[in-house]
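Hello,

Here is the structure I promised to pass on. My notes on it follow below.

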Amino acid sequence: MRKPADWMQMPTDDRILEVLESGFRFTPAVIAENIDKSRTHVSRRLSELTDYGLVERPKRGYYEITDRGREYLAGEINAEEL
């Protein structure tokens, strides 16, 4: 079972991570289109997820999930402890 933190916006943050779990790198606009949220909102959430190590930005404008992000989705870590 996933253990979200108080700072997370649910279910948006989970949905962003689930899109990124596909293994591809995506822009905020592509993620936003896939989860039916605005690009601006997704960009803000990606910044927060990056700060906590669940997502990284390997190239300007693109994001991908980290090992820590995968562990969170699998319920192996408590996001409150990040």
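**How H1 meets H3**

Thr12, Asp13, Ile16, Leu17 and Leu20 in H1 meet His41, Val42, Arg45, Leu46 and Leu49 in H3. Contact here means heavy atoms within 4.5 Å. The residues of this contact divide into 6 nonpolar, 2 polar and 2 charged. For these classes, Ala, Val, Leu, Ile, Met, Phe, Trp, Tyr, Cys and Pro count as nonpolar, Asp, Glu, Lys and Arg as charged, and the others, Gly among them, as polar.

The packing angle of H1 and H3 is about 80 degrees, and their axes are 10 Å apart. Axes are lines fitted to C-alpha atoms, for helices over the stretch in contact, and angles run from 0 to 180 degrees between N-to-C directions. H1 and H3 are therefore roughly perpendicular; that label covers 65 to 115 degrees, with under 35 roughly parallel, over 145 roughly antiparallel and the rest oblique.

Before you go further: this is a predicted model, where local features need pLDDT of at least 70, side-chain atom pairs count only at pLDDT 80 or more, and totals for chains, interfaces and linings use all residues. Residues are numbered from 1 along each chain as its sequence is written, and side-chain values use heavy atoms, leaving out hydrogens and water.

**H3 itself**

H3 covers residues 39–51, 13 residues in total. Helices (H or I, at least four residues) and strands (E, at least two) are DSSP runs, numbered from the N terminus. From first C-alpha to last, H3 reaches 18 Å, close to the 18 Å expected at 1.5 Å a residue. That expected span is 1.5 Å times one less than the number of residues.

Which residues of H3 are buried? They are His41, Val42, Ser43, Arg45, Leu46 and Leu49. Buried means under 20% relative accessible area, exposed over 50%, partly exposed in between (1.4 Å probe, protein chains only). These buried residues pack against helices H1 (12–20) and H2 (28–35), and against strands E1 (55–59) and E2 (62–65). After H3 comes glycine 53, with a positive phi near 80 degrees.

E1 and E2 run antiparallel, joined by 3 bridges. Strands pair if DSSP finds at least two bridges between them. Glutamate 56 has glutamate 64 in E2 as its bridge partner. The hairpin has 2 residues between the strands, and glycine 61 takes a positive phi near 90 degrees there.

Threonine 66 sits in the loop between E2 and helix H4 (67–73). Its relative accessibility is 12%, so threonine 66 counts as buried. Serine 38 lies in the loop between H2 and H3. At 39%, serine 38 counts as partly exposed.

Best wishes
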